[in-house]
Amino acid sequence: MIRIALTGSIGMGKSTVAGMFEEAGVPVFDADAVVRRLQADDPEIIAAIGQAFEATVTEGVLDRDALSARVLGRPAELAALEAIVHPAVHAERARFLLANQDKPALLFDIPLLFETHGEQAFDKIIVVSAPTEVQRERVLARPGMTEAKLDAILARQLSDGEKRARADFVVHTGGELSTTEAQVADIIACLGLADRG
């Protein structure tokens with residue numbers, strides 16, 4: 001089994017690229033989606049976050065915007081949150097691996113792969129990249145996003161150039177969708193996965 005990590009800074013198009021791999025038959029583990037689900041549906045996680053970060057949980061419902069405002073740009077607060085959430089994410093990842101152990105390849109969408117020093121667990125690393133102006137335009141179009149919030153997010157991410165330098169493959173998403181699809185197809189062929197499912 002080939003374990004592939006998919007990473008890249010915010011707004012680069014990771015979800016789009018992950019979807020292309022999924023369509024090609026490669027199971028995808030989306031770390032951010034798991035975190036969102038845990039924070040919405042797991043009573044123990046929600047309660048632990050509520051205890052650590054007061055005024056972020058009301059009647060068992062987590063206010064993700066309030067939580068984001070509490071931890072953004074505050075390393076100690078962020079570390080406290082990660083200490084609550086990461087063990088549950090790791091458990092979900094172990095279940096995903098077990099459920100797909102017969103597959104020729106698995107893709108793990110991990111936005112902060114390099115920042116958390118997680119790259120050693122993978123056979124190949126794909127970095128998704130786009131020009132800075134495209135990235136900012138995409139991210140600033142998101143609800144509730146501001147220039148200040150984006151800058152704070154980017155401040156805790158390695159630069160795009162550094163990520164590309166450490167990748168086995170780079171997928172450029174600044175152009176046409178068909179160009180991105182062709183790059184993904186090339187990677188799938190290069191890894192010998194084109195005729196395996």
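**Reading a predicted protein chain**

Me: How many positive and negative side chains does the protein chain have, and how far apart do the centres of the two sets lie?

Reply: Lys and Arg count as positive, Asp and Glu as negative, while His and the chain ends are not counted. Each charge is placed at NZ of Lys, CZ of Arg, CG of Asp or CD of Glu. Here there are 20 positive and 30 negative side chains, and the centres of the two sets lie 3 Å apart. This is a predicted model, in which local features need pLDDT of at least 70 and side-chain atom pairs count only at pLDDT 80 or more, while totals for chains, interfaces and linings use all residues. Residues are numbered from 1 along each chain as its sequence is written, and side-chain values use heavy atoms, with hydrogens and water left out.

Me: What share of the residues counts as buried?

Reply: Buried means under 20% relative accessible area, exposed over 50%, and partly exposed in between (1.4 Å probe, protein chains only). Of the 197 residues, 41% are buried.

Me: How many helices and strands are there?

Reply: Both are DSSP runs numbered from the N terminus: helices are H or I with at least four residues, strands are E with at least two. The protein chain has 9 helices and 7 strands. Strand β6, residues 124–129, is mostly covered, with 5 of its 6 residues buried.

Me: Which strands pair with β6?

Reply: Two strands pair if DSSP finds at least two bridges between them. Strand β1 (residues 2–7) pairs with β6 in the parallel sense over 4 bridges. Strand β7 (residues 169–172) also pairs with β6 in the parallel sense over 4 bridges. V127 in β6 stands opposite T7, and its bridge partner in β7 is V170.

Me: Is I110 buried or exposed, and which residues is it in contact with?

Reply: Contact means heavy atoms within 4.5 Å. I110 lies in the loop between β5 (105–109) and β6. A relative accessible area of 12% makes I110 buried. Leaving aside neighbours within four places in sequence, I110 is in contact with L6, T7, R93 and F122. F29 is 81 residues away along the chain, yet the C-alpha atoms of I110 and F29 are separated by 8.5 Å.

Me: What about I188: where is it found, and which residues does it touch?

Reply: I188 is found in helix α9, residues 177–190. With 9% relative accessibility, I188 is buried. Not counting residues up to four places away in sequence, I188 touches F21, A24, L193 and A194. Its C-alpha atom is 37 Å from that of V71, 117 residues away along the chain.

Me: Which value does phi take at A55 and at E59?

Reply: A55 is not a glycine, yet its phi is positive, about 70°. A55 sits in the loop between α3 (43–52) and β3 (57–58), and is exposed at 71% relative accessibility. E59, also not a glycine, has a positive phi near 50°. E59 sits in the loop between β3 and β4 (61–62), and is exposed with a relative accessible area of 80%.
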